[in-house]
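Biologist: I have a structure open and would like to go through it with you. Can we start with what sits in the middle?

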Amino acid sequence: MKKIWLVGLVVLLIAAALLLMSPTFSKIWQGNPEESNESSQEAQPSSKEEPLEEEPPLSSSEAAVTPQEEDWRLVLVSREHPLSEEYPVQLQEVEEDFLFDERAAKDLEDMLGAAWQDGIELRLISTYRSFARSEELFTGKVEALLESGLEYEEAVREAQRWIAPPGTSEHNTGLALDVVDNEYYEDYGGYLNTPFSRYPAYRWLIENAADFGFILRYPEDKEAVTGITYEPWHYRYVGREHAKEIMERGITLEEYLGF
Ligand SMILES: [Zn+2]
């Protein structure tokens, strides 16, 4: 008799297991599919009868910092985005003989002063550059390359990697600077080259420039984006909030603006 009971029990267990596994049963178990669906949705507003009030748009001061082309600090200047010769420049002298956009000049002076206090003697090499001066530099580079044996078109193409033709240089805006320090200057003079990235001034700028609104404009490995080779000495004013985000994210102005 015991055997029969055992067999009966096993058969019952198998039947119960099969029933549990069947889709029909699991639906029944979960109850009405519509109900279960609703419970998984996000909570509905409790007062369904009342019309939903539309939230007022954030005012510009409340909104997160979004890059706007109208923001003078974010003007993009490159080969693809040349500057009009009518671009208004209001300049102010910084240090001796260096001209900078008057709206950003104080931040530049503050940065130079802060570096000095940290024992870093920054030295400006180039700030504002007129269209005429850009022209002069560019043709000078092309000529040098022609002398080195390049064909004309090749020379122009190569020169563009190093010096922006007039209207395509950030220096034409008065918002860019080439900066090294006295230590580098003693070793290399005004000749700007990548060894600058081995000097303490380079590290100081990477760590502090954004606090004054400046970004490293042509980082290493970003030539495909900027069209300009690595320039550890070239900084660009974009204002503090933009600079901090750009430097923290390790991106370029192009990427920040969505180009
Ligand atoms: Zn530069």
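**Core, sheet and helix**

Modeller: This is a predicted model. Its largest nonpolar core has 35 residues, and the members that touch the most others are Leu108, Ala201, Ala209, Phe214, Ile215, Tyr235 and Ala243.

Biologist: Which elements give two or more residues to this core?

Modeller: They are helix 4 (105–117), strand 4, helix 8 (200–208), strand 5, strand 6 and helix 10 (240–249).

Biologist: Take Ala201. What does Ala201 touch?

Modeller: Leaving out residues up to four places away in sequence, Ala201 touches Ile120, Leu122, Val180, Asp181 and Tyr184.

Biologist: What holds paired strands together, in general?

Modeller: Backbone hydrogen bonds; the pairing can be parallel or antiparallel.

Biologist: How many bridges join strand 4 to strand 6?

Modeller: Three, between residues 176–181 of strand 4 and residues 231–237 of strand 6, and the two strands run antiparallel. Ala176 has Arg236 of strand 6 opposite.

Biologist: What about strand 1 and strand 2, how do they pair?

Modeller: Strand 1 (residues 91–94) and strand 2 (residues 98–101) are antiparallel and share four bridges. Gln92, for example, has Phe100 in strand 2 as its bridge partner. The two strands make a hairpin with three residues between them.

Biologist: Change of topic: how many residues has helix 5, and how far does it reach?

Modeller: Helix 5 (residues 131–147) has 17 residues. From first C-alpha to last it reaches 24 Å, close to the 24 Å expected at 1.5 Å a residue.

Biologist: Which residues of helix 5 are buried?

Modeller: Ser134, Leu137, Phe138 and Val142 are buried. Looking down the axis of helix 5, the buried residues fall within an arc of 130°, so they line one face of the helix.

Biologist: And which exposed residues are on the face turned away from the buried side of helix 5?

Modeller: That face carries Ala132, Gly140, Glu143 and Glu147.

Biologist: What covers the buried residues of helix 5?

Modeller: The cover includes helix 6 (152–162).

Biologist: Last one. What is the phi of Gly149, after helix 5?

Modeller: Gly149 follows helix 5 and has a positive phi, near 110°.

Conventions
Residues numbered from 1 in each chain as written. Predicted model: local features only at pLDDT ≥ 70, side-chain atom pairs only at ≥ 80, totals over all residues. Pairing = 2+ DSSP bridges. Core = buried A, V, L, I, M, F, W, Y, C linked by C-beta atoms within 7 Å. Buried ≥ 20, exposed ≤ 12 C-beta atoms within 10 Å, placed from the backbone. Contact = placed C-beta atoms within 7 Å. Expected span 1.5 Å × (residues − 1). Arc of directions from axis to C-beta.
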